[in-house]
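Have the sequence and the 3D view open, and try each task before you read on.

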Amino acid sequence: MQQNDSIATIAEHERRLAAALDRIGKGVDRLAQAAARPAPRATQPATAEVAQLREALEAEKATNAQLTERLKALRERDGSARRDTEARIEAMTRQLDVQGLELGRMKKTTIQLRDTLRAMTDAAVAATPEPHLINKAMLTELEALRAIRQTEIAEMDEILAALAPLAEEAAPDA
């Protein structure tokens with residue numbers, strides 16, 4: 001928002017400078033035409049006025065050049081901020097993709113665990129304990145724990161990625 005105000009302010013200054021330069025140019029033209037006509041009075045005051053107008057014109061041109069440079073710097077800074085934002089969006093999109101994969105893995109593991117527990121419950125109801133079901137349930141539970149851990153790692157990566165720019169901003173202040 002501040003950049004837009006700065007750009008608008010600079011644009012307003014440029015417009016005013018252009019109008020001032022136009023008025024100065026017209027004044028110089030009138031003086032040149034007046035100097036071309038024979039003047040009934042002395043020409044020295046008109047020459048001094050032309051010199052003053054030319055100095056004012058040069059000062060306005062210098063100011064206009066400075067404002068043009070400031071506008072160029074603002075536009076470059078705006079482009080840099082836009083590129084930074086796009087890079088952050090891309091990084092967050094990758095993190096979301098990783099989290100989506102981990103969530104899918106957790107769903108799959110949860111389904112396997114549910115199926116194994118159902119089979120164990122059925123075996124318990126039939127009063128025939130089957131050791132391979134116990135092993136399968138433990139392996140599925142272990143896989144579920146791994147999936148949870150991977151999800152937590154992905155979340156931590158996301159948090160660290162969000163904190164990294166803040167740490168970089170704070171580093172020069174420290």
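Let's start with a definition: helices (H or I, at least four residues) and strands (E, at least two) are DSSP runs, numbered from the N terminus. This is a predicted model, where local features need pLDDT of at least 70 and side-chain atom pairs count only at pLDDT 80 or more, while totals for chains, interfaces and linings use all residues. Residues are numbered from 1 along each chain as its sequence is written, and side-chain values use heavy atoms, with hydrogens and water left out.

**Exercise 1. The overall build**

Work out which elements make up the protein chain, and set its radius of gyration beside that of a compact globule.

Step 1: Look at the overall dimensions. Along the principal axes, the C-alpha atoms fill a box of roughly 130 × 35 × 15 Å.

Step 2: Compare. The radius of gyration is taken over C-alpha atoms, and the globule rule is 2.2 Å times the number of residues to the power 0.38. For 174 residues a compact globule would come out near 16 Å, but this chain has 38 Å.

Step 3: Check the burial. Buried means under 20% relative accessible area, exposed over 50%, and partly exposed in between (1.4 Å probe, protein chains only). Buried residues make up 16% of the 174 residues.

**Exercise 2. Salt bridges along a helix**

Find the salt bridge partner of Asp22, and say how the two residues are placed in helix H1.

Step 1: Recall the rule. A salt bridge is a side-chain nitrogen of Lys or Arg within 4 Å of a carboxyl oxygen of Asp or Glu. The structure holds 8 of them.

Step 2: Pick the partner. Asp22 pairs with Lys26, and their closest N and O atoms are 3.5 Å apart.

Step 3: Asp22 and Lys26 sit 4 residues apart in helix H1, so about one helical turn separates them. Asp22 is partly exposed at 42%, and Lys26 is partly exposed at 48%.

Step 4: Glu12 and Arg15 meet in a salt bridge at 2.5 Å, N to O. They are 3 residues apart in helix H1 (residues 2-36), again about one helical turn.

**Exercise 3. Glu102 and its surroundings**

Is Glu102 buried or exposed, and which residues does it touch?

Step 1: Locate Glu102 in helix H2, which covers residues 44-125.

Step 2: Check its accessibility. Glu102 has a relative accessible area of 12%, so it counts as buried.

Step 3: List the contacts (heavy atoms within 4.5 Å). Leaving out residues up to four places away in sequence, Glu102 touches Ala147, Gln150 and Thr151.

Step 4: Glu102 belongs to a network of salt bridges with Arg105, Glu143 and Arg146.

**Exercise 4. Along helix H3**

How far apart are the C-alpha atoms of Asp157 and Gln95, and how accessible is Leu145?

Step 1: Find Asp157 in helix H3 (residues 131-170). Asp157 is partly exposed at 42% relative accessibility.

Step 2: Go to Gln95, 62 residues away along the chain. The C-alpha atoms of Gln95 and Asp157 are separated by 7.7 Å.

Step 3: Turn to Leu145, also in helix H3. Leu145 is exposed, with a relative accessible area of 52%.
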